[in-house]
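Q: Please take a close look at a single part of this model, the aromatic side chains and their setting. I would like one connected account, with the criteria behind each term spelled out.

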Amino acid sequence: MSLISQMLGDETFDPFLSMINKCPVLSNPTDWKETKDAHVFISDIPGLKKEEVKVEVDEGRVLQISGERSSANVDEDDKNKNNKWHRIERCRGKFQRRFRLPENAKVDQVKAHMENGVLVVTVPKEEVKKPETKRDVTYN
């Protein structure tokens, strides 16, 4: 057995996986698309119920998605049994994502729904009045 195998065990260190576990951005990936009528945010939040996820818009026009993945079930199960964990890859703890909304967002009409661990937040857009490109000029 090599020295590295003795130090690391039967598996090699995966720096990318380690980074994912520590980074809430990577553990809660969110897409933002703009349609002609709305800004749509699609966020993967597996294992949580909609009651465990908070969606809000603050006065600074910032959309915030937050929540917490509890480790209570894991800890409680371990207290009752003599369990040994070999790997923990799923991220636990609090998470928060923030997005500054553009001026055309109707922040008072935000809607959210969650199904099968996917949160969809829809922020309708107001019609932006385009400035007139032609203007009559009067003579003096």
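A: The protein chain has an accessible surface of about 11,400 Å², and carbon and sulfur atoms make up 50% of that surface; such areas come from the Shrake-Rupley method with a 1.4 Å probe, and for residues only the protein chains shown count as cover. This is a predicted model, in which local features need pLDDT of at least 70 and side-chain atom pairs count only at pLDDT 80 or more, while totals for chains, interfaces and linings use all residues. Residues are numbered from 1 along each chain as its sequence is written, and side-chain values use heavy atoms, with hydrogens and water left out.

Of the 140 residues in the protein chain, 26% count as buried, where buried means under 20% relative accessible area, exposed means over 50%, and partly exposed covers the range in between (1.4 Å probe, protein chains only). The chain has four helices and seven strands, arranged along the sequence as α-α-α-β-β-β-β-α-β-β-β; helices (H or I, at least four residues) and strands (E, at least two) are DSSP runs, numbered from the N terminus. Among the contacts in the protein chain with a separation of 6 or more, 60% are between residues 24 or more positions apart, a contact being heavy atoms within 4.5 Å.

Three aromatic pairs are present in the structure. Rings of Phe, Tyr and Trp (its six-membered ring) pair if their centres lie within 6.5 Å, and planes under 30 degrees apart count as stacked, over 60 as edge-to-face and the rest as tilted. The ring centres of tryptophan 32 and phenylalanine 99 are 6.1 Å apart and their planes stand at 80 degrees, so this pair is edge-to-face. Because tryptophan 32 lies in strand β1 (residues 30–34) and phenylalanine 99 in strand β5 (residues 93–100), the pair ties together parts that are 67 residues apart in sequence. Tryptophan 32 is partly exposed, with a relative accessible area of 38%, whereas phenylalanine 99, at 10% relative accessibility, counts as buried.

Phenylalanine 99 also forms an aromatic pair with phenylalanine 41, and this pair is tilted, with 5.1 Å from centre to centre and 45 degrees between the planes. Since phenylalanine 41 lies in strand β2 (residues 38–44) and phenylalanine 99 in strand β5, this pair ties together parts that are 58 residues apart in sequence. Both phenylalanine 41 and phenylalanine 99 are buried, and together Trp32, Phe41 and Phe99 form one aromatic cluster.

β1 and β2 belong to an open sheet of four strands, ordered β1-β2-β7-β6 with antiparallel pairing, and two strands pair if DSSP finds at least two bridges between them. At the edges stand β1 and β6 (111–115), each with a single partner strand, so one side of each is left without a neighbour in the sheet. Neighbouring strands of this sheet are turned by 15 degrees against each other on average, direction ignored; axes here are lines fitted to C-alpha atoms, for helices over the stretch in contact, and angles run from 0 to 180 degrees between N-to-C directions. Five bridges join β6 to strand β7 (residues 118–124), and the two run antiparallel.

Leaving aside neighbours within four places in sequence, phenylalanine 41 is in contact with Thr30, Asp31, Trp32, Leu63, Phe99, Leu101, Leu119, Val120, Val121 and Val123. Phe41 is also one of the residues that touch the most other members in the largest nonpolar core of 14 residues, the others being Ile45, Val53, Ile65, Leu119 and Val121. A nonpolar core is a set of buried Ala, Val, Leu, Ile, Met, Phe, Trp, Tyr and Cys residues joined through side-chain atoms within 4.5 Å. The elements giving two or more residues to this core are β4, β5 and β7, and β7 gives the most, with three residues.
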